[in-house]
Amino acid sequence: PHRKIGKGGMVMVPPSPGGDTRMCLLLLLVMCGAVQGFLSPLPSLRPQARLAVADLRPPPSRPGLLSLHASSPFLPTEMDEGTNTDPDHPILKNPLTLTDRFTQEKVTVYNHGACVTSYKTPEYDVFFIRPDAVLDGSKPISGGVPFCFPQFGPGEIQQHGFARNVNWTCADWREEAAGGSRGFSFTRDTARAVYELYDTKYTYDMWPNKFLSRYSVDLSAGMLTLDFRVKNLGTRAFDFTGALHTYYAVRDIDTIEIRGDFKGKKYLDKVSGETKTEERETLTVQEFTDSVYYGMDGDVELIDGERSVLISPVNGWKDLVIWNPYGEEKMGYKNFVCIENACVEPQAVKGGEWWDSAVEIRPYCNDAPAFLEAMEE
């Protein structure tokens with residue numbers, strides 16, 4: 001694979017008439033830094049080693065809507081959402097769109113549930129929104145990447161927890177990658193958005209724990225990274241379960257394949273209620289499916305003809321759920337499959353400590369990054 005760089009992709013700085021080239025070299029370095037995102041290497045087609053997740057600095061003292069910016073001299077430490085009049089500010093801009101101009105990829109994120117609803121490549125949208133979905137904030141968004149926390153599935157509190165049913169705060173953002181940057185991000189130079197959720201009276205009444213949830217969405221040259229961290233702000237330990245309830249778009253559920261290290265894995269077939277051992281290496285979906293695979297923390301690939309998506313849990317998520325309401329026309333079952341990175345067993349977090357997780361999503365077309373197809377036309 002190769003990339004095409006336009007005529008404006010390189011900048012030449014001639015030496016000064018006096019022969020002093022140091023200033024020219026400094027200027028060249030600054031200009032090179034401005035296009036760093038365009039000249040960075042492409043991700044490998046099938047990476048053999050998992051990529052490290054860059055660590056975010058510890059959170060400042062709450063409150064403050066722009067809490068990640070609290071130490072910046074350029075931005076206020078607190079901002080009143082009611083009095084902010086800038087319509088382009090991400091606190092008011094909902095949904096927020098992240099863009100990589102070089103790859104022509106776009107990601108859309110809603111404040112409600114910090115839900116990623118779209119990851120558009122030049123060829124196709126990786127995610128699916130159900131036809132019965134509601135985007136007005138009155139209920140969780142059915143599609144994209146609903147975030148399940150602090151409970152996955154049914155239990156003592158509302159189904160799949162409260163995180164997908166409340167508004168998160170956009171705390172750090174960069175709407176465009178590298179050379180086309182709009183907005184400040186002090187932690188990455190990719191197109192990114194970081195959303196935060198603290199405990200409130202509403203959450204505490206259901207789940208009496210003090211916490212900070214931080215969810216970052218990073219778009220970088222053919223890869224979307226979803227990084228979730230939760231910090232216990234209290235003194236006593238708590239535990240939680242959770243998942244990224246991701247809806248992947250497909251053209252026909254009857255023809256897809258899901259490849260991974262499935263053979264020999266124990267799984268709960270929630271349709272029959274039985275725990276079974278998987279005998280297949282490649283899964284297909286041709287009936288109502290709701291299966292929880294334990295200890296499934298390796299790469300999984302969704303195959304849809306010449307299209308494919310590589311799903312790589314980097315850390316944290318230990319299990320995998322495959323779900324499709326086969327036959328439910330109102331849900332649009334024919335055009336999606338949920339492949340959910342999850343922790344179905346309680347995860348303990350001691351007072352003052354963090355729990356980390358991340359998933360990397362890479363879309364392909366004809367075994368090459370999907371964005372390359374448009375560049376070669």
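**Figure 1. The largest cavity of the predicted model.** About 40 Å³ of space lies in the largest cavity of this predicted model, one of two cavities of 30 Å³ or more that the structure holds. Its lining is formed by Tyr124, Ala249, Leu302, Asp304, Arg307, Ser308 and Val309. S17 gives the most, with three residues. By residue class, the lining of the largest cavity comprises four nonpolar, one polar and two charged residues.

**Figure 2. The nonpolar cores and the surroundings of Tyr215.** In soluble globular proteins, nonpolar side chains tend to be buried together. In the present model, the largest nonpolar core has 64 residues. Trp168, Tyr215, Tyr248, Ile258, Val337 and Ile339 are the residues with the most contacts inside this core. Leaving aside neighbours within four places in sequence, Tyr215 is in contact with Ala114, Val116, Val145, Phe147, Trp168, Ala193, Val194, Tyr195, Leu226, Asp227, Phe228 and Leu244. A second, separate core has six residues, among them Ala243, Val292, Val321 and Ala342.

Figure 3. Arg130 is located in the loop between strand S3 (115-120) and strand S4 (147-148). Because its relative accessibility is 11%, under the 20% limit, Arg130 counts as buried. The Arg130 side chain makes a polar contact with the side chain of Asp132 at 2.8 Å, and another with the side chain of Tyr247 at 3.0 Å. When residues up to four places away in sequence are not counted, Arg130 touches Ser142, Gly143, Tyr247, Trp323, Met331 and Phe336.

Figure 4. The peptide bond from Phe149 to Pro150 is cis, with omega near 0°. Pro150 is placed in the loop between S4 and strand S5 (169-174). His160 also lies in the loop between S4 and S5. Although His160 is not a glycine, its phi is positive, at about 65°. His160 has a relative accessible area of 9% and is therefore buried, the limit being under 20%.

**Figure 5. The backbone at Asp367.** Asp367 occupies the loop between strand S20 (354-365) and strand S21 (368-369). This residue is not a glycine, yet Asp367 has a positive phi of about 65°. Asp367 counts as exposed because its relative accessibility is 54%, over the 50% limit.

Conventions. Residues are numbered from 1 along each chain as its sequence is written. This is a predicted model: local features need pLDDT of at least 70, side-chain atom pairs count only at pLDDT 80 or more; totals for chains, interfaces and linings use all residues. Side-chain values use heavy atoms; hydrogens and water are left out. On a 1 Å grid over the protein atoms alone, a cavity is a set of points where a 1.4 Å probe fits but cannot get out, and a pocket is an open set with protein on both sides within 12 Å along at least five of seven lines; lining residues have an atom within 4 Å of a point. Grid points are joined across faces, edges and corners, and a volume is the space filled by probe spheres set on the points. Helices (H or I, at least four residues) and strands (E, at least two) are DSSP runs, numbered from the N terminus. Ala, Val, Leu, Ile, Met, Phe, Trp, Tyr, Cys and Pro count as nonpolar, Asp, Glu, Lys and Arg as charged, and the others, Gly among them, as polar. A nonpolar core is a set of buried Ala, Val, Leu, Ile, Met, Phe, Trp, Tyr and Cys residues joined through side-chain atoms within 4.5 Å. Buried means under 20% relative accessible area, exposed over 50%, partly exposed in between (1.4 Å probe, protein chains only). Contact means heavy atoms within 4.5 Å. A polar contact is a pair of N or O atoms within 3.5 Å; within protein, one must be able to donate a hydrogen and the other to accept it, and residues adjacent in sequence count only if both atoms are side-chain atoms.
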